[in-house]
Amino acid sequence: MLFLTGWFFNLIGSFVNNKIIKRIIGLIGILILAWLAGTVSVDHSADTAAYMRTFSMNPSTSIFESGYLNLSYWFYTNGFDYTTFRTVTFFVFYILFYISVNALSNNPNFFILIYSFFPFLSDATQVRNFFMLTFVLMACAVLTKRTFSRYLLAIALIYVASLFHSAGSIFYLFVLLRAIHFRKIYIIIPKLIYIITAAGVLLWATGSISLLSQYIGSLSFFSERNGISESLQTYSAGIFNVYTIPMVASYLFMLHVLQIIIKDKMDDSTLTEKDESLYLLFLIGAIGIPVIFSSFAFERILRNSMMCGIILVTSTTTIKNLKKGDGVKYILFSLSIILGIIAEGYLYDIPGMMGSYTFYILKFIQ
């Protein structure tokens, strides 16, 4: 099977020392994922069916953000069908995605191994979110060196990202954080994240989570999409999902792992600008913690940032550098991935859950 073939090759690539061979293997793996994502059947994905129905809509409808609508409408008006549009764009964006991962990671093959299980399936269905995330990763790669021109380019890339999905707007914070002394952020923000988590639990437990509705609705200021304010306020109506807890726990486990990695790198004086950029992007995901208690629809905020955590962990992990005492770190990392898989519903073959079409996306079932 194609998915397993790509996964097996990248498993081998994780042990290869030649950088060129590693990158070629990684490219093959990412192109396989692009093909699987681009050819998702509309019969087995509610999101894909919805995108197909809107494929012919004029950008003036503003049913989605303008970047996505203009791109899809160009394909439509030039005689391409939806499957061609989807396949071509996924190949283009996955290549850009892979270029960014290579710029940020020392071990892209190991990243692809983990990413193939989580959160690839979500990216394969949430098209606009994945396109947005690709531009955010490009901005992250750009700001591994801090110059005025790179700051401007990163801002431009995040702006383009927000044209594909409004959630991209929160990553303007990344540019701000890159301008602040890193050690201060490392000390202060993780403590704030635990406070934010406690506040979210408290609001949910006391039935006060709907207080977030008005605040969340104000986020529509950043979006061109019609009806976004009403949608956001509907999302924040106080409906709790049982998968919220594993999603938040997954993020917090990853946070703890990254805290260990960053501390070790600081102690060894091996902390790089790449490490800092990935870590800061990960921290931004904490914005999603209080709002995810109001609606699981906001899980993508946590999941998107966790992508950066996965890149950072896999980049610093090789068989050669494993040392005594790393067991706890990698157990927590494994738990984070497992909880993420559970939270995203990849294992549940029931209507409305990802598990109901996981095997179709991976082409295990035609």
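This note goes through the fold, the core, the surface, the aromatic pairs and the salt bridges of a predicted model.

1. **Overall make-up.** The protein has 19 helices and 0 strands. Of its 366 residues, 55% are buried. Take the contacts between residues at least 6 apart in sequence: 75% of them join residues at least 24 apart. The accessible surface is about 16000 Å². Carbon and sulfur atoms account for 69% of that surface.

2. **The nonpolar core.** The largest nonpolar core holds 108 residues. Y94, F97 and F120 have the most contacts inside it. Helix α8, residues 127-142, gives the most to this core, contributing 13 residues.

3. **F97 in detail.** What does F97 touch, leaving aside its neighbours within four places in sequence? The partners are I30, F111, Y115, F130, T134, L137 and M307.

4. T197 sits in helix α11, which spans residues 182-205. Its relative accessibility is 11%, so T197 counts as buried. With neighbours within four places set aside, T197 is in contact with V248, L252, I289 and F293.

5. A nonpolar patch on the surface is formed by I187, I188, L192, I195 and I196. Together these residues have about 440 Å² of accessible area.

6. **Aromatic pairs, W7 and F117.** The whole structure contains 38 aromatic pairs. In one of them, the ring centres of W7 and F117 are 5.8 Å apart and the planes stand at 75°, so the pair is edge-to-face. The angle cut-off for that label is over 60 degrees. This pair links distant parts of the chain, 110 residues apart. W7 is in helix α1 (residues 2-13), and F117 is in the loop between α6 (108-115) and α7 (120-125). Buried or partly exposed, which applies to W7? W7 is partly exposed, at 25% relative accessible area. F117 is partly exposed too, at 40%.

7. **Aromatic pairs, Y51 and Y68.** Y51 and Y68 make a tilted pair, with 5.3 Å between centres and 50° between planes. Y51 is in helix α3 (residues 46-53) and Y68 in helix α4 (residues 66-77), so the pair ties together parts 17 residues apart in sequence. Both partners are buried: Y51 has 6% relative accessibility, and Y68 has 1%. Y51 and Y68 also belong to one aromatic cluster.

8. **Salt bridges, E65 and R128.** The structure holds 9 salt bridges. One of them joins E65 to R128, with the closest N and O atoms 2.5 Å apart. E65 is in the loop between α3 and α4, and R128 is in helix α8, so the pair ties together parts 63 residues apart in sequence. Are these two residues buried or exposed? E65 and R128 are both buried.

9. **Salt bridges of E273.** E273 forms a salt bridge with R146, where the closest N and O atoms are 3.4 Å apart. E273 is in helix α15 (residues 273-284), whereas R146 is in the loop between α8 and α9 (148-162). These distant parts of the chain are 127 residues apart. E273 also meets R178 in a salt bridge, at 2.5 Å from N to O. R178 is in helix α10 (residues 172-178), 95 residues from E273. E273 is partly exposed, at 29% relative accessibility. R146 is partly exposed as well, at 39%. R178 has 1% relative accessibility, so R178 counts as buried.

10. **A salt-bridge network.** Which residues are joined by salt bridges that share partners? One network is made of D123, E299, R303 and E344.

Technical notes
Residues are numbered from 1 along each chain as its sequence is written. This is a predicted model: local features need pLDDT of at least 70, side-chain atom pairs count only at pLDDT 80 or more; totals for chains, interfaces and linings use all residues. Side-chain values use heavy atoms; hydrogens and water are left out. A nonpolar core is a set of buried Ala, Val, Leu, Ile, Met, Phe, Trp, Tyr and Cys residues joined through side-chain atoms within 4.5 Å. Buried means under 20% relative accessible area, exposed over 50%, partly exposed in between (1.4 Å probe, protein chains only). Helices (H or I, at least four residues) and strands (E, at least two) are DSSP runs, numbered from the N terminus. Contact means heavy atoms within 4.5 Å. Accessible areas come from the Shrake-Rupley method with a 1.4 Å probe; for residues, only the protein chains shown count as cover. Patches are made of residues with over 30% relative accessible area and no salt bridge: like charges are joined within 9 Å, nonpolar side chains (Val, Leu, Ile, Met, Phe, Trp, Tyr) within 5 Å. A salt bridge is a side-chain nitrogen of Lys or Arg within 4 Å of a carboxyl oxygen of Asp or Glu. Rings of Phe, Tyr and Trp (its six-membered ring) pair if their centres lie within 6.5 Å; planes under 30 degrees apart count as stacked, over 60 as edge-to-face and the rest as tilted.
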